Amino acid sequence: MAYSWDNRVKFVVRYMYDIDNNGYLDKNDFECLAVRTTVIESKGDFTPEKYEDNRKVMRNLWNEIADLADFNKDGQVTLDEFKMAIQATCLERQFEDLPAAVQSFVNKLFSAIDFNGDGLIGIEEYRVDCCSRQAYSDLKELDEGYTKLCSDEDKKKGGIDIKRFQELYAQFIGNPDETIGAVYLFGPLTELS
């Protein structure tokens with residue numbers, strides 16, 4: 001089930017946090033995320049100030065994840081540990097009720113996806129973000145995902161604003177319903193093993 005809660009959590013671990021692809025989360029992943037986020041936000045430029053800001057956000061995120069999910073305190077968070085932590089801290093919660101470091105990460109993520117800086121994630125930005133994580137053989141599949149993701153209000157605005165993105169992220173990670181539009185937040189998903 002590509003849109004099950006379990007598969008969405010696997011997606012977050014594999015495609016958003018496990019940057020070095022070693023199968024678990026550790027401090028190195030979040031150091032790499034700081035570099036990646038800085039480069040993406042700055043469209044290839046790299047300023048020490050922006051990097052330090054991103055590094056602080058990512059270190060806080062790692063520390064919070066480690067505190068919540070590294071149950072055996074080995075410096076690594078497995079998929080199972082991450083799922084248990086997400087279940088305890090994010091399931092059925094609104095964005096404002098998510099851990100503070102997760103909120104900061106989501107805001108940074110929005111800034112990185114909104115590469116034209118207009119305050120909205122339009123279809124072109126959605127396509128770029130989705131294709132940066134997964135392979136798609138047909139643009140139609142992505143465009144249909146964006147259409148399912150957007151509410152009528154989003155369509156009127158011309159895209160997804162940060163408030164809506166925050167709401168969608170909270171639903172993506174915390175709502176087990178497979179039929180909600182939020183399941184398309186990061187593109188059409190495939191079932192992960």
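The model is predicted, so local features need pLDDT of at least 70 and side-chain atom pairs pLDDT 80 or more, while totals for chains, interfaces and linings use all residues. Residues are numbered from 1 along each chain as its sequence is written, and side-chain values use heavy atoms, without hydrogens and water.

Stay with the cysteines. The count of disulfides is zero, a disulfide being a pair of cysteine sulfur atoms within 2.5 Å. For cysteine 131, the nearest cysteine sulfur belongs to cysteine 130, 6.7 Å away. Cysteine 90 is buried, at a relative accessible area of 1%.

Next, show helix H6 (residues 123-131) and helix H7 (residues 139-149), whose axes are 10 Å apart at an angle of about 120°. Helices are DSSP runs of H or I with at least four residues, numbered from the N terminus. Axes are lines fitted to C-alpha atoms over the stretch in contact, and angles run from 0 to 180 degrees between N-to-C directions. Among the contact residues are Tyr126 and Cys130 of H6 and Leu142 and Tyr146 of H7; contact means heavy atoms within 4.5 Å.

Finally, select helix H2, residues 27-41. Its buried residues include Phe30, Leu33, Ala34 and Thr37. Helices H1 (5-17), H3 (48-69) and H5 (100-113) are among what covers the buried residues of H2. Just after H2, lysine 43 has a positive phi of about 55°.

Notes:
Helices (H or I, at least four residues) and strands (E, at least two) are DSSP runs, numbered from the N terminus. The expected span of a helix is 1.5 Å times one less than its number of residues. Buried means under 20% relative accessible area, exposed over 50%, partly exposed in between (1.4 Å probe, protein chains only).
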